[in-house]
Amino acid sequence: MEFELWVWVLLFGAGMMAGFVDSIAGGGGIITLPVLLAVGIPPHQALATNKLQSSFGSFTAAMNYSRLGLMNPRELLVGVFFTFLGAASGATVVQWFPADSLESLIIIMLIVIFIYTALTPKLGLEPKPHRIPHGLFYTLFGLLIGFYDGFFGPGTGSFWTMALVLLLGLDLKAATAQTKLFNFTSNIVSLGVFIYAGLVLWGAGVVMGIGQIVGAFLGSTLVHKREVKFIRVFFLTVVAATIVKLLFFG
C-alpha cells in the first residue's frame, strides 16, 4: 500500500510510543493496532503487520534487559521452548476458530488482575520464594500463555508478569524483563504464520518497527533506573487501558 508522508510519520510515532509502553508494562498493541486500522489497512493485514512491528520492540527490550543484567536468556530456555510450541499451536488453531469468543473471558481476567494488584500494594515490590518449581512453571505457562498469544493476544504481557510475580516470586522489575523475552518468542512464531500466509505489509511494519526499537530501548532503560513502584503504577495504567479498549472499542 502507498501512504502519504504524514501517514509514515504517524506509523513511526505510534511504533515508538507503543515500544516505550510495551517494554515497561505490555499493552503496546492497544496503540498500534487501532492506528494500522485507522490508516486504511484491512483487519487481517493489520494484525499481521502488527506482529512484525511488535517483534522489533520485544526483541530490543529483551536484549536491553539482558544487557542491563535484569534477566539472563540462557536461564529461560525452557520457557522459550514451550512458549514457542504454545504460540505455534495457537497461531495454527486460530485459523479455524473465531478468536472473538475469548474476549469476554479475557476482560474478566484482566479486571481480576487489576483489582488484585491495586488492592495489594506490596505485590511485586521485592522478591519472594517461588511457589512451584521453575521447570514446571515455564513448561505450563509457556504452553498456556504462548498458545493464548498465538491465538488471540491482548493482555499477554500482563498475564506473564502476574504469573511470574505470584508463582515464581519475582519482583515487578525482573518479571517485566522476563516477560519481554517470552513476548518476543510468541511474536516471532505468530509472525512466521502470517508471513507464510502473505499478509504482512513490510513497509508499514518496518517503519513502525524502527519506532519500536527507539521506544523499547528508552522504556527498558527507564525500568532499570526507576524504582519498582513506578513499574507498578505503569502496569496498572496499561491494564486499565487494555480493559477499556476491549470493553468499549472492541
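I take contact to mean heavy atoms within 4.5 Å. Helices are DSSP runs (H or I, at least four residues), numbered from the N terminus.

**Ground rules.** I am working with a predicted model, where local features need pLDDT of at least 70, side-chain atom pairs count only at pLDDT 80 or more, and totals for chains, interfaces and linings use all residues. Residues are numbered from 1 along each chain as its sequence is written, and side-chain values use heavy atoms, with hydrogens and water left out.

**Confidence.** I looked up pLDDT, the predictor's confidence in each residue, from 0 to 100. The chain has a mean of 88, and 96% of its residues reach 70 or more. Among the elements, α5 (residues 103–118) has the lowest mean, 80, and α9 the highest, 95.

**Helix α2.** I listed the buried residues (under 20% relative accessible area, 1.4 Å probe, protein chains only; exposed is over 50%, partly exposed in between). In α2 (residues 29–38) they are Ile-31, Thr-32, Leu-33, Val-35 and Leu-36. They pack against α1 (5–25), α3 (43–67) and α9 (202–225). Gly-40 follows α2, and its phi is positive, near 100°.

**Salt bridges.** I counted a side-chain nitrogen of Lys or Arg within 4 Å of a carboxyl oxygen of Asp or Glu. I found three.

- Asp-22 meets Lys-180 at 2.8 Å, N to O. This pair links α1 to α8 (residues 172–196), 158 residues apart. Asp-22 is buried at 15%, and Lys-180 is buried at 1%.
- Lys-51 pairs with Asp-149, the closest N and O atoms being 3.4 Å apart. Here α3 is linked to α6 (residues 134–151), 98 residues apart. Both residues, Lys-51 and Asp-149, are buried.
- Glu-126 pairs with Lys-128, with the closest N and O atoms 3.6 Å apart. Glu-126 is partly exposed at 47%, and Lys-128 is partly exposed at 48%.

How values were computed:
Helices (H or I, at least four residues) and strands (E, at least two) are DSSP runs, numbered from the N terminus.
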